[in-house]
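Open the model and keep the sequence beside it.

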Amino acid sequence: MQKIKDFIVNSRVWRSFFRHGWPDNPLDRSLVMTTNIFFHLHPVKVSRKSLRWSYSFGLGIIAAIVFTVLTVTGILLMFYYAPTVERAYTYINTLQSQVPFGQLLRNMHRWGAHLMVIVVVFHMARVFYTGAYKPPREFNWVVGVILLLMTLGASFTGYLLPWDQLAYWAITVGTSVAGYAPGLGPTAKATLLGGPEVGQEALTRFYALHIMVIPAAIALITALHIWRVRKDGGLAAQDAEEEGETNG
Ligand code: HEM
């Protein structure tokens, strides 16, 4: 067996792909982690507890995957949509009734949006329940709160785009409620609507926020969030294990 391993790792083909030997010793195992584009996101060493499925339920990763699905389906939806009050509703109807897989595409995007809100809220609850918001992770908790607000913002702005009765009245009510917020309320309402009521200006603004501003912000802030998990020393479970080790 050893001879076969030696033959493989010394071959030209292996050495042209990998910068490490067979991962059966600590040095080569850590080289696997640091020289692979996907693995290098992870620390070289992690505690067993933080890898346990029941510790994090992978909810943060699931949120990131759902966001990717939403981005891909959202881009495809843009091929069949125009943000104008005359045509938006017709475009959505045509997409559902005449475009192959149009109904599936729309449903994936809509259900994906609901799922993302649920997953992000559950992720936040898990972080709270495991006490992972405490120092040194308090900054990442605040970054997470921004991500939650962005996720809700993406759902809210997307809701208007079909331009049906449900969308129109939901955004009329939502922006009116926002208008009553103390201090910045009226300014926020005017900025969102771009006029006295829900109309073409509001549709243009919601579209720009929904397809560009909010997704770009979520992508950038998620990158910061995941990088920060790494810099804060991995998941909080890691600390508990290390403290346990030093305490005896
Ligand atoms: C778009 C939304 C979000 C994404 C994509 C995301 C992604 C992630 C990922 C991939 C992790 C690594 C561990 C895991 O999978 O659970 C993580 C950890 C963490 N997240 Fe999020 N997150 C989001 C929202 C939030 C929210 C709303 C909060 C809290 C307000 C939050 C606070 C944290 C904290 C404190 C950690 C470190 C947890 C620990 O050390 O155990 N995140 N996040």
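Phenylalanine 101 is exposed because its relative accessible area is 66%. Exposed means over 50% relative accessible area, buried means under 20%, and partly exposed lies in between (1.4 Å probe, protein chains only). The model is predicted: local features need pLDDT of at least 70, side-chain atom pairs count only at pLDDT 80 or more, and totals for chains, interfaces and linings use all residues. Residues are numbered from 1 along each chain as its sequence is written, and side-chain values use heavy atoms, with hydrogens and water left out.

**Backbone in the loops**

Phenylalanine 101 sits in the loop between α7 (88-98) and α8. Helices here are DSSP runs (H or I, at least four residues), numbered from the N terminus. The phi of phenylalanine 101 is positive, near 65°. Phenylalanine 57 also has a positive phi, about 55°, although it is not a glycine. Its place is the loop between α5 and α6. Phenylalanine 57 counts as partly exposed because its relative accessibility is 39%. Most residues other than glycine have a negative phi, and most peptide bonds are trans. The bond from proline 135 to proline 136 is cis, with omega near 5°. Proline 136 belongs to the loop between α8 and α9.

**The ligand**

Where is the ligand? The ligand sits in the largest pocket. A pocket is an open set of points on a 1 Å grid over the protein atoms alone, with protein on both sides within 12 Å along at least five of seven lines. To sit there, a molecule needs more than half of its atoms within 2 Å of the grid points.

The ligand is surrounded by 27 residues; His123, Arg126, Gly144, His225 and Ala236 are the closest. A residue is near a molecule if one of its heavy atoms lies within 4 Å of it. This shell holds 17 nonpolar, eight polar and two charged residues. Helices that each supply at least two shell residues include α8 (102-129) and α12 (200-231).

Polar contacts pair N or O atoms within 3.5 Å.

| Residue | Part of the residue | Distance |
|---|---|---|
| Isoleucine 61 | backbone | 3.4 Å |
| Arginine 126 | side chain | 2.9 Å |
| Arginine 137 | side chain | 3.0 Å |

**The core**

The largest nonpolar core has 16 residues, and Met116, Val120, Ile218 and Ile221 touch the most other members. Helix α6 gives the largest share of this core, five residues. Such a core joins buried Ala, Val, Leu, Ile, Met, Phe, Trp, Tyr and Cys residues through side-chain atoms within 4.5 Å.

How values were computed
Polar contact = N/O pair within 3.5 Å; in protein donor to acceptor, adjacent residues only side chain to side chain. 1 Å grid on protein atoms, 1.4 Å probe; cavity = no way out; pocket = protein on both sides within 12 Å on 5 of 7 lines; lining within 4 Å. Nonpolar A, V, L, I, M, F, W, Y, C, P; charged D, E, K, R; others polar.
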